[in-house]
Amino acid sequence: MRIAFIITAHNDPVHLKRMTDALPESSEFFVHVDAKSDIEPFLKLIDNPRVHFTKKRINVMWGSLGVVDSQMQAIGEALVSGKEYDYFISLSGLDYPLWSNRKIEEFLQSHKGTNFIYGVDMDKQGKESKLYRQYRFFNCKYWRYKTLKSKFRVSLREIVYALGIRKPLHFSAEGKNYNLYKGAMWWAFTQDFVKVAYNYWANNKEYYKYFINSFAPDETFFSTIAFNNEELKRTTLGEVEHFTRLEDVTPLTFIDYTNGIKILDESDLPRLLSSGKIFCRKTITGQSDRLMDKIDELRKE
């Protein structure tokens, strides 16, 4: 089972090293470090020949298409590596595996060909779709929160929405019609699906353009491709009728978004073990060490 882990990171090189060292030795890691971050600590600490840092780095603004761009930088380098992979798995630099490597590989082998992504048709979500109906102007500008520029950006989208101007939840690109589907940033894809998605990103300019002023394209870009193609749709985990929480459409990764993204500690271990998820987020050096030590003991076979 050959896995290419697609990792987006911005801090904590110590944790990134621990995570990549913990995952299967047959894997390769393609890591994008946010252009705002100093990459030198990553390069100095991580000397694993299976860890590849992307040549091009994006200044990523949360909730913008830059998140997808950063993932595609890593995916692109994996695709041109000349190696074939059974799965591409998306992780953040603050994730950690819960299952043993053997269990991870056996699970993927037994589900080979499945694309681990859900889809929620946002046109059927009523009031829950408001964020996706708003035009997110200047979304890729890295304007710090609570600054005048950031407040202007927020006010602009609220004013435009109040005027009754809505971003459509269905659109046309290159002669094909699409309904907007929501999934999650954390997924596991076959190489065949990754090639299709990368081609959309690189060559379908009309499709790409739709997401420039959209909310959280990292949660919709891939799902919209998958669930508007009958052949690809058959390989997914399927549609979720109603969207309630992001956790419900994150198939492989445990995330607690109750009050923001919770930094996990050892008190969370029972919930992690009972979740059935393969990975967890968010684990941080100095705050999650005892949790990860306990996980490491349980992962031994």
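Predicted model: local features only at pLDDT ≥ 70, side-chain atom pairs only at ≥ 80, totals over all residues.
Start with the pocket itself. The largest pocket has a volume of about 1100 Å³. Its lining is made by 41 residues. Look for Trp62, Gly63, Tyr257, Ile261 and Arg281, which lie nearest the centre of the largest pocket. Several elements contribute. Strand S1 (3-9), helix H3 (66-79) and helix H5 (130-133) each supply at least two residues of this lining.

On to the second largest pocket. It holds about 240 Å³ of space. Here the lining counts 15 residues. Nearest the centre of this pocket lie Gly113, Thr190, Gln191, Asp192 and Phe193. Helix H7 (191-203) and helix H10 (230-233) each supply at least two lining residues. H7 gives the most, with five. By class, the lining of the second largest pocket has four nonpolar, five polar and six charged residues.

Last topic: a helix pair. Two packed helices are described by the angle between their axes and the distance between those axes. Take helix H1 (residues 13-22) and helix H12 (residues 289-299). Their axes come within 13 Å and cross at roughly 5°. Angles under 35 degrees count as roughly parallel, so H1 is roughly parallel to H12. Who makes the contact? From H1, His15, Arg18 and Ala22. From H12, Asp289, Met292, Asp293, Asp296 and Arg299. The residues of this contact divide into two nonpolar, one polar and five charged.

How values were computed. Residues numbered from 1 in each chain as written. Heavy atoms only, no water. Axes fitted to C-alpha atoms, helices over the stretch in contact; angles between N-to-C directions. Helix = DSSP H or I, 4+ residues; strand = E, 2+ residues; numbered from the N terminus. Parallel < 35°, antiparallel > 145°, perpendicular 65-115°, else oblique. Contact = heavy atoms within 4.5 Å. Nonpolar A, V, L, I, M, F, W, Y, C, P; charged D, E, K, R; others polar. 1 Å grid on protein atoms, 1.4 Å probe; cavity = no way out; pocket = protein on both sides within 12 Å on 5 of 7 lines; lining within 4 Å. Points joined across faces, edges and corners; volume = space filled by probe spheres on them.
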